[in-house]
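Open the structure in your viewer and keep the selection tool at hand. This tour goes from stop to stop and says what to select at each.

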Amino acid sequence: MIEKHIVLEDVDPATFYGVNNVHIQMIKALYPKLRIVARGDVIRVMGDEEEMAAFEESILKLEKHCAKYNSLTEEIILGIVKGKKVEHQTGSSDVILFSISGRPILPRSKNQKAIVDAYEKSDMLFAVGPAGSGKTYTAIALAVRALKNKEIKKIILSRPAVEAGEKLGFLPGDMKDKIDPYLQPLYDALQDMIPAVKLKEYMETNVIQIAPLAFMRGRTLNDAVVILDEAQNTTSQQIKMFLTRMGMNTKMIVTGDMTQIDLPNSQRSGLIEAMRILKNVKGISFIQLDKSDIVRHKLVTAIVEAYEKFDEDRKAARNKENDTKETN
């Protein structure tokens with residue numbers, strides 16, 4: 001009789017073991033000749049060497065399935081242990097990855113699909129569009145998929161810490177506490193795609209890093225997917241600094257919304273300038289999303305349309321006023 005320890009590296013043990021340990025109990029029942037003890041992320045198994053080899057092979061296959069789909073079922077466990085070919089029914093070939101609830105995350109509009117396609121062919125990608133068009137969520141999904149597939153070693157998410165009406169200095173707490181509210185949308189997306197225990201581990205080991213743009217200076221970012229969100233609020237110097245951090249085996253995704261620039265009137269958006277300067281550079285893709293890509297509540301589309309009409313009317317009134325002055 002021999003003993004072996006198997007460490008679950010890529011999954012949340014709670015998801016793998018199941019509610020009330022129903023999954024691990026089923027696995028034990030399928031291997032009655034082995035003594036199996038599961039604690040945390042370690043499965044300790046004792047028994048015959050040949051039986052243990054078959055058990056380890058099944059556990060590795062189950063772990064791979066659970067890591068990909070963020071779920072296990074009794075049918076999947078039985079199929080894998082019995083050596084049957086198991087297929088997960090997704091209903092679409094466009095799935096990027098699966099959420100922590102097992103829901104497929106996939107492009108929900110033509111331009112979101114264009115982001116996915118551009119990511120495959122370009123090392124740098126600009127995705128610009130209105131609030132709710134899914135540009136940031138899609139970008140983070142692509143980054144998480146790359147991490148799960150071991151194509152990269154880390155994900156770096158950044159935003160400029162620019163106030164949208166509130167003042168950073170008046171927020172309570174230390175620097176991290178002051179900055180976290182700006183980065184919360186990035187946390188929200190990650191929490192939808194990576195189990196809480198695994199996400200905490202990734203954050204503590206810097207596999208996933210979330211930081212304000214100012215913290216990027218002086219770094220060279222290798223083997224990573226790097227996402228700059230809310231890039232419309234960068235200055236020319238900031239976005240140039242960010243884009244030149246790019247290292248080997250790195251992909252950069254820059255997202256922004258030209259209608260939500262919170263910079264002082266005296267400062268020009270670095271995103272607008274960068275897109276103009278880099279438009280003819282090979283290896284860089286540009287995706288323009290619009291109100292048809294909005295996947296939030298239907299009222300968001302109506303709000304965007306109302307503001308567009310307001311801006312158009314105001315611009316027309318201003319032009320008419322200028323024409324009147326010139327005539328006089």
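**Stop 1: the parallel sheet**

Start with I155, which stands opposite V225 in strand 9. Keep in mind throughout that this is a predicted model.

Now select strand 7, residues 154-159, and strand 9, residues 224-228. Five bridges pair the two in the parallel sense.

Strand 7 and strand 8 run parallel and are joined by five bridges. Look for L157 here: I210 in strand 8 stands opposite.

Is strand 7 enclosed or open to the outside? Five of its six residues are buried, so strand 7 is largely enclosed by the rest of the structure.

**Stop 2: a tyrosine in helix 7**

Select helix 7, residues 175-193, and find Y182 in it. Is Y182 buried or exposed? Its relative accessibility is 14%, so Y182 counts as buried; the cut-off is under 20%.

Y182 and S158 are 24 residues apart in sequence. In space, they are 9.7 Å apart, C-alpha to C-alpha.

**Stop 3**

Three strands form an open sheet here, with antiparallel pairing and the order 1-3-2. Strand 1 (2-7) and strand 2 (35-39) are the edge strands, and each pairs on one side only. From one strand to the next, the twist averages 15 degrees.

Select strand 2 together with strand 3, residues 42-47. They run antiparallel, and five bridges join them. For one of the partners, pick A38: its bridge partner in strand 3 is I43.

**Stop 3: a pair of helices**

Select helix 2, residues 22-30, and helix 4, residues 74-81. Their axes are 10 Å apart, and the helices pack at an angle of about 30 degrees. Helix 2 and helix 4 are therefore roughly parallel to each other. The crossing of helix 2 past helix 4 is right-handed.

Which residues make the contact? Show V22, H23, M26, I27 and L30 on helix 2, then E74, I77, L78 and V81 on helix 4. Seven of these contact residues are nonpolar, one is polar and one is charged.

**Last stop: the whole chain**

Clear the selection and zoom out. The chain has eleven helices and eleven strands. Of its 328 residues, 46% are buried. Among the chain's contacts with a separation of 6 or more, 69% are between residues 24 or more positions apart.

How values were computed:
Residues are numbered from 1 along each chain as its sequence is written. This is a predicted model: local features need pLDDT of at least 70, side-chain atom pairs count only at pLDDT 80 or more; totals for chains, interfaces and linings use all residues. Side-chain values use heavy atoms; hydrogens and water are left out. Axes are lines fitted to C-alpha atoms, for helices over the stretch in contact, and angles run from 0 to 180 degrees between N-to-C directions. Helices (H or I, at least four residues) and strands (E, at least two) are DSSP runs, numbered from the N terminus. Angles under 35 degrees count as roughly parallel, over 145 as roughly antiparallel, 65 to 115 as roughly perpendicular and the rest as oblique. A crossing is left-handed if the near helix is turned anticlockwise from the far one by less than a right angle, and right-handed if clockwise. Contact means heavy atoms within 4.5 Å. Ala, Val, Leu, Ile, Met, Phe, Trp, Tyr, Cys and Pro count as nonpolar, Asp, Glu, Lys and Arg as charged, and the others, Gly among them, as polar. Two strands pair if DSSP finds at least two bridges between them. Buried means under 20% relative accessible area, exposed over 50%, partly exposed in between (1.4 Å probe, protein chains only).
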